[in-house]
Amino acid sequence: IVLDTEVAIIGAGGAGLAAAVSAHQNGAKVVVVEKMPNVGGNTIISGSAYNAVDEKRQSAMGIEDSIEKHYTQTYEGGDKQGDPALIRVLVENAYPTIEWLESLGMKFKDTVFTVLGGLWPRAHKPVEPLGTGYINTYMNYINQHQDEIKILTETEAKTLIQNTEGRVVGFEAQGKNGKVTVNASKGVIIASGGFGANIAMRDKYNTLWPTLTNIKTTNHKGATGDGIVMAEAINADIIQMENIQLLPMGDPITGSLSGNIEQGVENRIFVNAAGNRFVDEGARRDVMTKALMAQTDAMMWVIVDQHSYPTGDTVNNFNESIDSLVEQGRAYKADTLEDLAKQIGVDPQNLVKAVEAFNASVDSKVDEFGRTLFKDKLDTAPFYAGKRVPTVHHTMGGIKITTETRVVDKNGVVIPGLFAAGEVTGGIHGTNRLGGNALADVNTFGRIAGATAAKGN
Ligand code: ADP
């Protein structure tokens, strides 16, 4: 079949759906293709934290923050490899994009928090679980405008089509019932996500980690880097592909984030197989993961207490109650630290000492690992422990774009008619992406891509 539209989008995750809504709001007819049976991509299964400097919510909580601080933490947190102009767009538009999402009906909680590796309490949490709030918000809009925005699932984009002047005018895809050609008079937006689930591609580009071959991932299985390959085939510049992010928070069996018992950075510590702390648990994600890899069996225990779970039916970020995790043997519960240590097979004296030293740091704000983010002491039973291992989470490299999301070729020249947004792009986050910056990126740049592509130039 052949479909004629104005803006065509590859991928129906956060960036692609944001782009679809925004392109439509800017007057364009839209077609979105999604290779999986369902929309949502990594966005819908993400932890959902969204960083934005927020005058309203942060000042109500007495939190100091500024666009400048968000900028500096993002830039320095990626070892100054991120593009300053793109970071500027990200930090300045993150909050306006929250307001845009709210205008579309999305609800965020009134409080912000510090997400793992986020370095600062500026993460917004949707009211709906995980990333479903983003996707449901966009899909509600799209369902109300079905005549002008079409989504084709189980349709995998394969090759971009250029006209004789080099302008991208559409793409070929493989649908359930055969070949689909999408012609796009205004432009094509690649929003196909990263390559965290593509082991061969990870291995091809990895230089920062000893090996990634046997490391599991938090990603959905469609995160295979297709858009990067398609764009490179027409000479797009592909940058910083070695910048692959791991989290120290994978489920030991699946690699996913489910079962994670932490509830924000301030109220948990990590201990190794001997029961000793080994890192600043408020540090960058790459720093924590590298430290974890150096521990015996590259595993750790997250330790929390009643402050994180006032009751047994309190849920984690994955809507799993702590009682259910304990019942399933995925978390351990005890009335004393000694008993907890025995259950998880670490030295009780070490664990007790580690917690005592941490509790002293909560008072003194001086910590042997340089930790600065504290709230409550770990001093109230019941205590809980959950096992975690390194897991591949995000790929920071990808297609080079301008601040308007136009794709740039290997000679530094814009490829007309081609746009990219979200995890498929490269060069915003540098070596290490701050926790909470992905959803800010995906929604902000997806929104910009839709508006830019709708202009049709
Ligand atoms: P982002 O956070 O950047 O939006 P996501 O992972 O949330 O990234 O979404 C990317 C979406 O693109 C996923 O739903 C994925 O299945 C889809 N996708 C990946 N490759 C293709 C392709 N070749 N054709 C169509 N859809 C694709």
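The model is predicted, so local features need pLDDT of at least 70, side-chain atom pairs count only at pLDDT 80 or more, and totals for chains, interfaces and linings use all residues. Residues are numbered from 1 along each chain as its sequence is written, and side-chain values use heavy atoms, with hydrogens and water left out.

Start with His24. This residue lies in helix α1, residues 14-25. Helices (H or I, at least four residues) and strands (E, at least two) are DSSP runs, numbered from the N terminus. His24 is buried, at 12% relative accessibility. Buried means under 20% relative accessible area, exposed means over 50%, and partly exposed is in between (1.4 Å probe, protein chains only). Setting aside neighbours within four places in sequence, His24 is in contact with Val30, Tyr141, His145, Glu148 and Ile149. Contact means heavy atoms within 4.5 Å.

Now move to Val442. This residue sits in helix α13, residues 437-455. Val442 is also a buried residue, at 9% relative accessibility. What does Val442 touch, not counting residues up to four places away in sequence? The list is Gly14, Ala15, Ala18, Thr43, Gly422 and Glu423. Take Ala15 from that list. Ala15 and Val442 are 427 residues apart along the chain, yet their C-alpha atoms are separated by 4.7 Å.

Thr380 gives another view. It is in the loop between α12 (348-364) and β15 (383-395). Thr380 and Lys29 are 351 residues apart along the chain, and their C-alpha atoms are separated by 57 Å.

Next come the charge pairs. How many salt bridges does a search of the whole structure find? The search finds 24. A salt bridge is a side-chain nitrogen of Lys or Arg within 4 Å of a carboxyl oxygen of Asp or Glu.

One of them pairs Arg284 with Asp79, with the closest N and O atoms 3.0 Å apart. Arg284 lies in the loop between β12 (269-271) and α9 (285-293), and Asp79 in the loop between α4 (67-77) and α5 (84-103), so the pair ties together parts that are 205 residues apart in sequence. Arg284 is buried at 17% relative accessibility, whereas Asp79 is partly exposed at 41%.

A second pair is Asp323 and Lys333, at 3.8 Å from N to O. Asp323 belongs to helix α10 (residues 322-327) and Lys333 to strand β14, so this bridge ties together parts that are 10 residues apart in sequence. Asp323 is partly exposed at 31%, and Lys333 is partly exposed at 35%.

Glu404 and Arg406 also form a salt bridge, with the closest N and O atoms 2.9 Å apart. Glu404 is partly exposed, with a relative accessible area of 30%, while Arg406 is buried at 13%. Elsewhere, salt bridges that share partners join Asp251, Glu320, Arg330 and Arg388 into one network.

Finish on the surface. Asp335, Glu338, Asp339 and Glu356 gather there in a patch of negative charge. Patches are made of residues with over 30% relative accessible area and no salt bridge; like charges are joined within 9 Å, and nonpolar side chains (Val, Leu, Ile, Met, Phe, Trp, Tyr) within 5 Å. Asp335 is found in the loop between β14 (332-334) and α11 (337-344). Asp335 is exposed, with a relative accessible area of 60%.

Conventions: Accessible areas come from the Shrake-Rupley method with a 1.4 Å probe; for residues, only the protein chains shown count as cover. Lys and Arg count as positive and Asp and Glu as negative; His and the chain ends are not counted. The place of a charge is taken as NZ of Lys, CZ of Arg, CG of Asp or CD of Glu.
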